[in-house]
Amino acid sequence: DACVGCGACTEDVCFVHAIHLEDKQAVINDAACRGCGRCVAVCPNQAIEVVIDDENFVSESIQRLERVVDVT
């Protein structure tokens, strides 16, 4: 409800293009969204929040990253 359709979240913010404006409202493609929070950080009205329903998401993400990055 807080979205005013300013488009700040769509201007070269999402690297997977999971967010767009439709009828002056931000629409997020949940299947494409990676949960990085970049759109949350740029929204001037705090109209977007990242909610992770999968309790294993963080640990699985760390495991994937550990294969390619030293996270210690």
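The largest cavity has a volume of about 120 Å³, where a cavity is a set of points, on a 1 Å grid over the protein atoms alone, at which a 1.4 Å probe fits but cannot get out, and a volume is the space filled by probe spheres set on the points, which are joined across faces, edges and corners. Of the 14 residues that line this cavity, C14, C33, R34, C36 and C39 are the closest to its centre, lining residues being those with an atom within 4 Å of a point. By class, this lining has 10 nonpolar, 2 polar and 2 charged residues, with Ala, Val, Leu, Ile, Met, Phe, Trp, Tyr, Cys and Pro counted as nonpolar, Asp, Glu, Lys and Arg as charged, and the others, Gly among them, as polar.

The model is predicted, so that local features need pLDDT of at least 70 and side-chain atom pairs count only at pLDDT 80 or more, while totals for chains, interfaces and linings use all residues. Residues are numbered from 1 along each chain as its sequence is written, and side-chain values use heavy atoms, with hydrogens and water left out.

The largest pocket, an open set of points with protein on both sides within 12 Å along at least five of seven lines, has a volume of about 300 Å³. D30, C33, G35, V50 and V51 are the closest to its centre among 14 lining residues, and this lining has 8 nonpolar, 1 polar and 5 charged residues.

The largest nonpolar core consists of 9 residues, namely C9, V13, C14, A18, I19, A32, C39, C43 and I48; such a core is a set of buried Ala, Val, Leu, Ile, Met, Phe, Trp, Tyr and Cys residues joined through side-chain atoms within 4.5 Å. Beyond its neighbours within four places in sequence, I48 is in contact (heavy atoms within 4.5 Å) with C9, I19, I28, C39, V40 and C43.

S61 lies in helix α2, residues 57-66, and is buried at a relative accessible area of 14%, buried meaning under 20%, exposed over 50% and partly exposed in between, with a 1.4 Å probe and protein chains only. The side chain of S61 reaches the backbone oxygen of F57 at 2.8 Å.

Notes. Helix = DSSP H or I, 4+ residues; strand = E, 2+ residues; numbered from the N terminus. Polar contact = N/O pair within 3.5 Å; in protein donor to acceptor, adjacent residues only side chain to side chain.
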